[in-house]
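Subject: Structure for your reading

Dear colleague,

Please find below the structure that I am handing over to you. My notes on what was found in it follow directly after.

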Amino acid sequence: VNFNFINSDIPIDELAGRAGWWTLFEKQGSMVDELHLFLSLLPIAVLVVVSFYLSIMLWRYGTSSSMIVHSSICNPWFYCFFGTLAMAAGQLFAERLYPIM
């Protein structure tokens, strides 16, 4: 994602979609490069936080106040939490672990 907030001649845009949070802490680039990478990772971070919140709220709904209340905490309303965990884990890795497009 390139919002054109920061203009630079460095080819950091080739990492779009392949750089994760590990790249942000691993790279020893300039402050402008790190800020550009952080701004490109920010939308998915907001999506992960909102998804965590909504999946936990759905899980609580299925545990306590749905039409069919399940007796254990492992109920069908918990499944979307696994998808949220997979989405969050997919954004952690560096670019060398993603396939070359």
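Cys 80 is partly exposed in this predicted model, because its relative accessible area of 34% falls between the limits for buried (under 20%) and exposed (over 50%), as judged with a 1.4 Å probe and with protein chains only as cover. Cys 74 has a relative accessible area of 64%, so Cys 74 is exposed. How many disulfides does the rule give? The count is 0, where a disulfide is a pair of cysteine sulfur atoms within 2.5 Å. In general, such a link is a covalent bond between the sulfur atoms of two cysteines.

Two remarks on conventions are needed here. The model is predicted, and local features therefore require pLDDT of at least 70 and side-chain atom pairs pLDDT 80 or more, while totals for chains, interfaces and linings use all residues. Residues are numbered from 1 along each chain as its sequence is written, and side-chain values use heavy atoms, with hydrogens and water left out.

The overall fold may be described as follows. The chain contains 3 helices and 0 strands, which are DSSP runs numbered from the N terminus (helices: H or I, at least four residues; strands: E, at least two). Along the sequence the pattern reads α-α-α. The chain has 101 residues, of which 24% count as buried. Contact means heavy atoms within 4.5 Å; among contacts between residues at least 6 apart in sequence, 58% join residues at least 24 apart.

Beyond its neighbours within four places in sequence, Ser 55 is in contact with Cys 80, Phe 81 and Thr 84. Ser 55 belongs to helix α2 and is buried, at 3% relative accessibility. A polar atom of the Ser 55 side chain lies 3.0 Å from the backbone oxygen of Phe 52.

Rings of Phe, Tyr and Trp (its six-membered ring) pair if their centres lie within 6.5 Å; planes under 30 degrees apart count as stacked, over 60 as edge-to-face and the rest as tilted. The whole structure holds 7 aromatic pairs. In one of them, Phe 78 and Phe 82 have ring centres 4.8 Å apart and planes at 75 degrees, so this pair is edge-to-face. Phe 78 is buried, with a relative accessible area of 15%, whereas Phe 82 is partly exposed at 45%. Ring pairs join Phe 52, Trp 59, Phe 78, Phe 81 and Phe 82 into a cluster.

Which residues form the largest nonpolar core? Its 5 residues are Ala 19, Trp 21, Leu 24, Leu 37 and Leu 41. Helices α1 (21-26) and α2 (31-64) are the elements that give two or more residues to this core. A nonpolar core is a set of buried Ala, Val, Leu, Ile, Met, Phe, Trp, Tyr and Cys residues joined through side-chain atoms within 4.5 Å.

Leaving aside neighbours within four places in sequence, Leu 41 touches Ala 19, Gly 20, Trp 21 and Gln 91. The C-alpha atoms of Leu 41 and Ala 19 are 8.3 Å apart, although the two residues are 22 apart in sequence.

Finally, Glu 26 lies in helix α1 and is partly exposed, with a relative accessible area of 34%. Glu 26 and Ala 94 are 68 residues apart along the chain, and their C-alpha atoms are separated by 8.4 Å.

Yours sincerely,
A colleague

Definitions and conventions. Polar contact = N/O pair within 3.5 Å; in protein donor to acceptor, adjacent residues only side chain to side chain.
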